[in-house]
Amino acid sequence: MIEKKAQLPHIAGYKPCYRKLEAGKSYLWCSCGLSKTQPFCDKSHLGTDMKPVRYLAKQDGEEVLFCTCKQTSDSPFCDGTHNKLRDVYENDDPNNQINRNIPLIDHDENGKAMLGGGCYVSRVEQLILQEHTNLKIGAVISSQTGARYQSLFYAEICQGESPIISFGNRDLVIISTQGKGTITISGRDFPLEIQTGIYIRPQEAVSITNPGSTPITLYISVCPVAERPEFLPQMPVNFDDAYADRIAVIDTAKRQQTANRFFQILVNKRMGTQSVTQFIGEILFSKAFPHRHLYEESLVILSGDGYIWTETYKAKVSPGDVIFLPRKLIHSLQCTAPDGMLVVGVIYPGDNPSIDY
Ligand code: FES
């Protein structure tokens, strides 16, 4: 009689496997973790209760991340669970031989530091802003700067009611970083507080009322990419009541842990977005191990200093700065502040900021 092997799965790896698939081809993913041909089955599961999972590729060039830790809840794909399997986040030594050879790049006269591969840091205080009555606005990320999926605009609103802003048929996700007032979304008013995530649905418009003398500052992410806002003569009254929850407040009780880092989802499908996700992350004094993502990402530093690294350069980052990360670019964020760093990220297209490879 054949003896049954112990119940599995076995952890075959701590990072997912990237594969580009062929339309109509079926892939047999190893679920037991014993296969020597990861991430695919080699029949090592025979004699166990585990079975491989078949995946039929939908289109040519489909890019996927197959789970190798075998603990995913989204088999055969990675769902970020691999980051929870070890007590300590996979850190990198900023002073090792490889990192010592990576030069520090300065910000240019426009406040930009280019790190190669399309990645850059932008200091918004050096950005040239366009004025429209009490609103000043400028593009930090757009197709002109290499983005393919998302734009990001920095805006300052002085006392009074701003012009009515529209980006047409796109999702808007905002993080406010200074000042208090009211945000009106297609005729519906919401209180605007500091460090709040806000979601505006396609075809809706927005205006901001600032009752105080301190400017309100906003970072407005636009998905898909847009070059400039449109200013409307009248506020449309087309607020989408099917998704009435638009304000996301930072709440440490809602944080999720990935080893010794934390994040809280602010805006995602729960609020009605298609495939844009906004999160706030807390990074302790450390440098992450270099990694990449399948989504395009923007990061706004809320507090704490550090460096963003690619394989060619590193650049200093400080509160208020924006980092742009193209898809699949190897990078690493280092926090040098003893009290840690707070960042707000927008990923698109994507719904899980803990998936890396
Ligand atoms: S590799 Fe298993 S969840 Fe990411």
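This briefing covers aromatic contacts, a surface patch and the cysteines of the structure. The model is a predicted one. It holds ten aromatic pairs, and the count of disulfides comes to zero. Tyr 14 belongs to a nonpolar surface patch and also lies under the charged end of Arg 86.

**Aromatic pairs**

- Among the ten aromatic pairs of the structure is that of Phe 153 and Phe 167, which counts as tilted because the ring centres are 5.0 Å apart and the planes stand at 45°.
- Phe 153 belongs to strand β9 (residues 151-157), whereas Phe 167 is in the loop between β11 (164-166) and β12 (171-178), so this pair ties together parts that are 14 residues apart in sequence.
- Both partners are shielded from solvent: Phe 153 is buried at a relative accessible area of 2%, and Phe 167 is buried at 4%.
- Another tilted pair is formed by Phe 190 and Phe 239, with 5.9 Å from centre to centre and 40° between the planes.
- Distant parts of the chain are linked by this second pair, since Phe 190 lies in strand β14 (residues 188-192) and Phe 239 in the loop between β18 (230-232) and β19 (247-249), 49 residues apart.
- Phe 190 and Phe 239 are both buried.
- A cluster connected through ring pairs comprises Tyr 27, Phe 40, Tyr 55, Phe 66 and Phe 77.

- Tyr 14 is located in the segment before β1 (17-21).
- With a relative accessibility of 32%, Tyr 14 is classed as partly exposed.
- Together with Ile 11 and Leu 85, Tyr 14 makes up a nonpolar patch on the surface, and the accessible area of the three residues together is about 210 Å².

**Charges over rings**

- The charged end of Arg 86 is placed over the ring of Tyr 14, at 4.0 Å from the ring centre.
- Arg 255 is positioned over the face of Phe 262, and the distance to the ring centre is 4.1 Å.

**Cysteines**

- With a disulfide taken as two cysteine sulfur atoms within 2.5 Å, the structure has zero disulfides.
- For Cys 30, the closest cysteine sulfur is that of Cys 32, and the separation of 3.9 Å is too far for a bond.
- Cys 30 is buried, at a relative accessible area of 2%.
- Cys 119 likewise takes part in no disulfide, as its nearest cysteine sulfur, in Cys 335, is 17 Å away.
- Cys 119 has a relative accessibility of 0% and therefore counts as buried.

Methods
Residues are numbered from 1 along each chain as its sequence is written. This is a predicted model: local features need pLDDT of at least 70, side-chain atom pairs count only at pLDDT 80 or more; totals for chains, interfaces and linings use all residues. Side-chain values use heavy atoms; hydrogens and water are left out. Patches are made of residues with over 30% relative accessible area and no salt bridge: like charges are joined within 9 Å, nonpolar side chains (Val, Leu, Ile, Met, Phe, Trp, Tyr) within 5 Å. Accessible areas come from the Shrake-Rupley method with a 1.4 Å probe; for residues, only the protein chains shown count as cover. A salt bridge is a side-chain nitrogen of Lys or Arg within 4 Å of a carboxyl oxygen of Asp or Glu. Helices (H or I, at least four residues) and strands (E, at least two) are DSSP runs, numbered from the N terminus. Buried means under 20% relative accessible area, exposed over 50%, partly exposed in between (1.4 Å probe, protein chains only). Rings of Phe, Tyr and Trp (its six-membered ring) pair if their centres lie within 6.5 Å; planes under 30 degrees apart count as stacked, over 60 as edge-to-face and the rest as tilted. A charge sits over a ring if NZ of Lys or CZ of Arg is within 6 Å of the ring centre and within 35 degrees of the ring normal.
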